[in-house]
Every structure is written in structure tokens, then in C-alpha cells.
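These are my notebook entries on one structure. I wrote each entry after looking something up.

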Amino acid sequence: MDNRERILAIVRKVSDQTAVPGPDESLFDAGFLDSFALPDMVSELEREFGIKIPDSDLNPRKFESIARIQSYIESRM
Amino acid sequence: MAAIKGFGAYMPSRIVTNAELAARLDCEPGWILDVSGIEERRYASPEETVTTMGVAAARAAMNTEEIGMILVSSGSGERRFPGPGASIAHALGLDGVPAIDLPVASAGGLFGMALAASLAPIHGNILVIASEKMSTVAMREPLERGVAPLFGDGAGACLIGPGIDPGAGPVIIIDSVLHSDGAFAEDLRLDFDAPLSMNGRSVILQASRKIPAAIGELLERNAKSASAVKVFLMHQANQNLMDRVAKALAVDPSRFYSNIRRYGNTSSASMLIAAAEWWHDPGPNTGDLICFAAFGAGFHWGALLAQCL
């Protein structure tokens, strides 16, 4: 499974949805994430990719879409 | 060492329901409850000010103790300066006693308690007061559905004194941790003559991590576990957030005292109001560990640990 698929699996898990968001689609506007699913997703990303995301990087815009999440995660790997 | 001698609170009598606000905000009353856990809140009358509410809460927290200092937290005072500290002291008949304002917003009650614990051995009994008239800022036009229904008015107070004599009080303050980080200052702010501005996603994301981390830091350095804490008295910002903090600490959410359903978010006053209610019923028993925690604009956050001897 590549990084994008791993991220998609996490988004589906925390959103409890089976639909697949577009790479640049806003996960908030499309209903995959809300204020309380976002912290869950960040924790899952840390666990899945074995990284520690510093609080200073916790800007919701970094996690707005699959493409943005992938870009950020790969910058931390 | 310092001890908690009492808590008090004052809540305005006017109840504002979700149904009343939903009509103005073009939303369903149930939506407000779902996203916040808030069913109703109190709004102060025009005659009830940050000062009058703070005075009433202070009187409920004390008897005839001699007061050496007053710390007053408010982010919703009627004017830029002076803050309400000196006015509250004057109304309490405490002219000449140093009264210090702490414009720290939501974490103000916690910061006040932590400062009082450090200063009480020097200054004697310290009144910590947090009083907020948030309706004046949350209901400022243009109304925002994600902000306006969250807030309410009220005041809380705590009397903290030197804990070295047997009569000082049964609940000793063990330790506290306080943190501030201005990197996200723009995400929760009240500018002059503007509505309250809140990036809810950022606030919840940061609070979800920082509050459990602060509590964990405090417990770890005092060799205590979260499961040993009898009650968590936390800033009442959002029921979903409190449940999330409980989950992060692996404790049952029922150990987080909650009155947000009735009062909404009263900013810096909320933690002291919750503490005052808990203090009077059921109140502390010998051996109980009590953990206070708050997070808010700044961001400022932290936790304080106390124990009933």
C-alpha cells in the first residue's frame, strides 16, 4: 500500500465513511472531517507513519486534503 | 504550600435556551447541543456587570477571612482599563489591598489559582475571581453560528491561603504547570469593537493535545496516575472536548465534572464555577486527588493538582 492509500484508509476510518475523497478535495467541506475527527486523524497518522507531529505544525490547513496530508507526511519521513 | 479554603459562584438568573438562539442563528436547537453539549446558558441583565458578578462570587467563596491580595480574570470587562480588579476590591471593602487583573481569557481562573498558590505564603489569603459577561461579545453582530451559542455569563471565585497551619483548609495545592504559546494567537481572539473570532478547528486540535499533555506532565512529575484522580475540574468549553481529554487520559468521562449543558462556556469563569458546584456537592473527601485544567486564547493552558488531607 502506498502512502496515499494508507492516508485514505485513515480518513475513511476516522470519518466512518466508505466514499473516496478527491486528492485536492477539502475533507472538511466534503464532510469527511470535523473539528473533533481532525485530532483523531492526526493521532492515527502519527501511529501509522511512526512520526511525531509537533504542535507547531498542527495547522488544520496542512490536513485539508489528501494531497496536502501526503505532502506534509512525506516531508516528515 | 497553599490550601484551597473555599469556592463560590454567581450565575445570572436569565436562562437563554438553544431554541431562543437558534431562531436568530438560522440553525436547529439540536445542532447546538450536538456540536457543543450546551442546552442553555445564562445572560446577565444590563445591571449585572463583570464587577457585580465577581463581587457576588467572591462573597460566596469567603467568610470573614483577612484578604492580602485579589487576582481577577476577565476578558469581557466594560472598558480597556482599569480592569475590574480594583472595582471588585472596592465593592468588597478591600481598598488598599493589591488587586491584579489577569486578562488571560479562558485559562485565567487556572492561572489565577496557580499564581495564588505561589503568592499566598507571602501575601496571606488571596481571592481569585473570574467574571465574564461573554454575551456582550459573543452576540455582537454579525452573529456567527459557530461562536454565538457557545458562550454564557457568570462568575466564579476561589479563596487560597497559606497552608501551613491546621486551620488553613483541608485541600492542599500540590503543584501546577502553566504554558503559553503565541504561535496561534490569531486563532482565538477578541479585537477591539469586533466580534469574537475563533478558528474552531485549530482550537480543538491544539486543546485536544495540549490539555492531556499538561495533565500528564503534572501527574508524572508528582508520581500520580490519572486513574488515581477523584475528579477533574476543567474549563467548560465543549462537552465533546472534555470527553476527548478523558479518553486521552484513559479515565471515565464521568470523572470530569460538567455543567456545560446548563451554563455554556463562561470563559475564564467556567472552571471556578464548576469547582464551586462540585465543592458544595459532593465536595472533597479525605485523600481525594483533584485535578484542575484549562486551555484558551493565547494559547494559554495548564493544570493544577490538589489533594484533600
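**Entry 1: a glycine**

Is Gly154(B) buried or exposed? I call a residue buried if 20 or more other C-beta atoms lie within 10 Å of its own, exposed if 12 or fewer, and partly exposed in between, with C-beta atoms placed from the backbone. Gly154(B) has 30 other C-beta atoms within 10 Å, so it is buried. I must note that this is a predicted model, in which local features need pLDDT of at least 70 and side-chain atom pairs count only at pLDDT 80 or more, while totals for chains, interfaces and linings use all residues. Residues are numbered from 1 along each chain as its sequence is written, and chains are lettered from A and ligands numbered from 1 in the order in which they are written.

I then looked up what Gly154(B) touches, taking two residues as in contact if their C-beta atoms, placed from the backbone, lie within 7 Å. Leaving out residues up to four places away in sequence, the contacts of Gly154(B) include Ala9(B), Tyr10(B), Glu132(B) and Ile273(B). I also checked Val97(B), which is 57 residues from Gly154(B) along the chain; their C-alpha atoms are separated by 24 Å.

**Entry 2: the strand around it**

Gly154(B) belongs to strand β7 of chain B. Helices (H or I, at least four residues) and strands (E, at least two) are DSSP runs, numbered from the N terminus. In β7(B), residues 153–162, I found 10 of the 10 residues buried, so the strand is largely enclosed by the rest of the structure.

Which strands does β7(B) pair with? I count two strands as paired if DSSP finds at least two bridges between them. Strand β1 (residues 2–10) of chain B runs antiparallel to β7(B) and is joined to it by eight bridges. One bridge pair there is Gly6(B) with Leu159(B). Strand β6 (residues 126–133) of chain B is also antiparallel to β7(B), again with eight bridges. Here Ile129(B) has Ala157(B) as its bridge partner.

**Entry 3: the whole sheet**

I wrote down the strand order in chain B as β5-β4-β6-β7-β1-β8-β13-β12-β11, an open sheet of nine strands with mixed pairing. The edges are β5 (99–102) and β11 (231–234) of chain B; each has a single partner strand, so one side of each is left without a neighbour in the sheet. From one strand to the next, the twist averages 25 degrees. For angles, axes are lines fitted to C-alpha atoms, for helices over the stretch in contact, and values run from 0 to 180 degrees between N-to-C directions.

Leu71(B) stands opposite Ile100(B) of β5(B).

**Entry 4: helices**

Helix α4 (residues 84–91) of chain B lies across β4, β5 and β6 of chain B, at about 140 degrees to β5(B). How do α3(B) and α4(B) cross? The axes of helix α3 (residues 50–61) of chain B and α4(B) come within 9 Å and cross at roughly 50 degrees. That makes α3(B) oblique to α4(B); angles under 35 degrees count as roughly parallel, over 145 as roughly antiparallel, 65 to 115 as roughly perpendicular and the rest as oblique. Among the residues making this contact are Val50(B) and Gly54(B) of α3(B), and Pro84(B) and Ile88(B) of α4(B).

In chain A, helix α1 (residues 3–15) and helix α3 (residues 66–76) pack at about 120 degrees, with axes 10 Å apart. They are therefore oblique to each other. Their contact includes Ile7(A) and Leu8(A) of α1(A), and Ile69(A) and Ile73(A) of α3(A).

**Entry 5: backbone checks**

I found a cis peptide bond between Phe81(B) and Pro82(B), with omega about -5 degrees. Pro82(B) is in the loop between β4 and α4 of chain B. Another cis bond joins Gly298(B) and Phe299(B), also with omega about -5 degrees.

Asp193(B) has a positive phi, near 55 degrees, without being a glycine. Asp193(B) is exposed, with 6 other C-beta atoms within 10 Å. Ala223(B) has a positive phi of about 55 degrees and is not a glycine either. Ala223(B) is exposed, with 7 other C-beta atoms within 10 Å.

**Entry 6: between the chains**

The contact takes nine residues from chain A and 12 residues from chain B.
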